[in-house]
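Hi,

Here is the structure I said I would pass on.

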Amino acid sequence: MSALTGNTVGHRICPLCESTCGLLVELEGRRVVGVSPNEDDLLSGGHSCAKGLGLGRIEGDPDRIRSPLLRTDTGGFREATWDEAFAEINRRLPEFVADAGSCAIYHGNPAAHHLDATFYLGELISAVGTRNIYSPASVDTWPKNLAHMLLYGGGLGLSLPDIDRTDYFLVLGSNPMVSNGSTVTAPGMEQRLRVLRERGGTFVVVDPVRTRTAEVADLHVPIRPGTDALFLLGVLSAIATEGLTRRDRVPEVVDGLDEMLTLTADYGPDVVATACGIDAELIRTVARGFAGAPSAVAHSRIGTCMQEFGTLANWLVEVLTIVTGNLDRPGGAMFSLPPAGGQNTWPVSRPPKLMFDRWRSRVRDLPEAMGELPGVCFAEEILTPGPGRTRALITLAGNPARSLPNSAAIERALGALDFMVSIDCYVNETTRYADVILPPPPLVTRGHHDVTLAHFQIRNVARYTPPLLDLADDERAEWQILLRLAAIAKGTPERTVEEIDDDVAVIATRRAAKLAGCEPDAAAIASGSRRGPLRLLDLRLRSGPYGDRFGLEPTGLTLELLEQKPDGIDYGPLTPRLPEVLRTPDGRVNLVPPMITADLPRLRASMARPVDNLLLINRRQRRGMNSWLHNALPQPDGGQCALMMDPHDAEMRGLVDGDRVAVTSSTNTVHAELRVDAAMRTGVVSMPHGWGHSGPGLRTPRSEAVPGSNYNALVDDSTELEALTSSPIFNGVPVSVTRLSEERS
């Protein structure tokens, strides 16, 4: 209780981004009236960004959906009861489940931050029986995932930069001072970087723009978009030529070191510098600094993933860390030990299979990765006639109309569906096409432990925050919604959620008991009366690397123990985990995977291409998280969607700050306000992603009032794809920019 107000104050792990900061939330009845950073949180230590501090505005947004909505004959929506909504789904969904493959599922980023989807989305996918699964992962992480799969065997247990102990930190394609980090859970990045420099470390940023992160770096490398792989090859070539490798520190399980160094011979700094748009000596400076530091680590993110040579770039980031002897060492690249276990902790009983290209899409024969199809298949699988055409869709916390490329095609596809169900809290650009919308409950009604994002934590900390409120009578937990849909899809709508949950728990209990080395009955008894995701979480924690093994280790981790320690339990810094963390078929690291090295000739040929157009790149925003926060947390700056351009480029085109311009790619044209900014590299322009809030049927008036420009409408979903993963190319998109009055004439 708050002594001053009498209101309730509770702990909350922020579920809005990968930093997972600890918060204190003040409630007045069922209303969030205050949010502040938790100074005692053992991972975030008092840090929070504007998104987390805006949690009350997100919870209290008057435009959020609070009751199920059903489409009317006139094309609008009416409020309905939960029974009505599920009856309509039961009437219509089974037809598409029976037609194998005709119902697709799209789940958005917010789903990865909640226990409900983490534990129960698989039940819905299994019940629907479809391979047409999509998420934003195919847009922004697959090249990194594939590189890690081929090197280390797993796409989720990524190597992590040991930021707090490194002497040299090289960041490519990331702006953590704004985004708080991605595929790395390191809350308070600004403080961590400041401490790095105070202890004498070096911080280097490779980015076409002098971002807020680049401004605080010791060295900024203003690279041309899409050339990160060439830059890294230049760095590696300099290291090889000057004898700077640290063979004595390269782990014994690494194969192919000499072959890898030989591959770099044709990519010396003088060879790649022109294509990268930087001076060759700058490449040598990075090579010498990285290789000569007592410890060093490279980290890449979305800027390297959303480009033509994304997999090559992310592979070379790992190679650079490995050949300089910084893999699995303090201050280098290390692996987390997530409290609830996961891909990089569970024992391997047989040679693992690569979770890539196990099946292909119907229309274009594009490869699956980690159980999902590329997002570029989404529209064509709906719009292309023939057996197996997608006719129905279920979305969970996703807005593909503003998250996937070629938005015009996505919206045509959504309009062509026969049936669509959305679990979402807004009528947005996607859900306006739904037949049924099911609202999730408030965030504060959920218990929270980041099962997935603990794989990215740069320190081994276990945390859990319980629900702050019980569900109201007219609210349903997201896991209950998912299981009701699964029951309908299986043709057993009469089964209760509790019955299905018990079935799920039986399987989870057997698995946990096997991991813990005890009998299933003992594991079942230990979980007591818990139900839903908390029962499954307790099973995972008890059978995880710190767990009590259902009583065999009495002081070990349980959910009950975490409930008693709301600030978390610190299990210490990351520790070396090779070779047990590897999930490759032979248990070793092959530096030169044939699938990746086969793409090198295409990279080399790219150096001869002329660069005639401006190149469009994405940018991060402090208060945004893709599209879904724009209504609750509007940007304070009216130019939030402006096109940024270098002064020289503006002058060459006769443009001035504030002009309305037409931005044209091979796919589409969008209009934007121009902002002339010297932070931009010449030849590069930038806009944020996730905007374009316009069109009929939306119920997000604040984002509609400042709709912004739709970056995704400019991105090709057909011919220009990342060669290995079929991910769309969002960064380095060739565009032309003209004053809007000229465009109209």
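Let me start with the lining of the largest cavity: by class, it has 12 nonpolar, 14 polar and five charged residues. Bear in mind throughout that this is a predicted model. That lining comes to 31 residues, and the ones nearest the centre of the cavity are Pro 110, Ala 397, Asp 424, Cys 425 and Trp 628. As for volume, the largest cavity comes out at about 390 Å³. How many cavities of 30 Å³ or more does the structure hold? The count is five.

Now the overall picture. The secondary structure of the protein amounts to 28 helices and 28 strands. With 745 residues, the globule rule gives a radius of gyration of 27 Å, and the protein has 25 Å, close to that value, so it is as compact as a globular protein of that length. If you want dimensions for a figure, the C-alpha trace spans about 70 × 70 × 60 Å along its principal axes. Buried residues make up 62% of the 745. I also looked at contacts with a separation of 6 or more: 74% of those in the protein are between residues 24 or more positions apart.

On to the packing. The largest nonpolar core has 86 residues, and the members that touch the most others in it are Leu 170, Phe 231, Trp 315 and Leu 320.

You will find Ala 489 in helix α19, which covers residues 478–489. Is Ala 489 buried or exposed? Its relative accessible area is 10%, under the 20% cut-off, so Ala 489 counts as buried. Setting aside residues up to four places away in sequence, Ala 489 touches Leu 93, Val 97, Ala 127 and Val 128. Ala 98 is worth checking there too: 391 residues separate Ala 489 from Ala 98 in sequence, but their C-alpha atoms are 8.8 Å apart in space.

Cheers

Conventions: Residues are numbered from 1 along each chain as its sequence is written. This is a predicted model: local features need pLDDT of at least 70, side-chain atom pairs count only at pLDDT 80 or more; totals for chains, interfaces and linings use all residues. Side-chain values use heavy atoms; hydrogens and water are left out. Helices (H or I, at least four residues) and strands (E, at least two) are DSSP runs, numbered from the N terminus. Buried means under 20% relative accessible area, exposed over 50%, partly exposed in between (1.4 Å probe, protein chains only). Contact means heavy atoms within 4.5 Å. A nonpolar core is a set of buried Ala, Val, Leu, Ile, Met, Phe, Trp, Tyr and Cys residues joined through side-chain atoms within 4.5 Å. On a 1 Å grid over the protein atoms alone, a cavity is a set of points where a 1.4 Å probe fits but cannot get out, and a pocket is an open set with protein on both sides within 12 Å along at least five of seven lines; lining residues have an atom within 4 Å of a point. Grid points are joined across faces, edges and corners, and a volume is the space filled by probe spheres set on the points. Ala, Val, Leu, Ile, Met, Phe, Trp, Tyr, Cys and Pro count as nonpolar, Asp, Glu, Lys and Arg as charged, and the others, Gly among them, as polar. The radius of gyration is taken over C-alpha atoms; the globule rule is 2.2 Å times the number of residues to the power 0.38.
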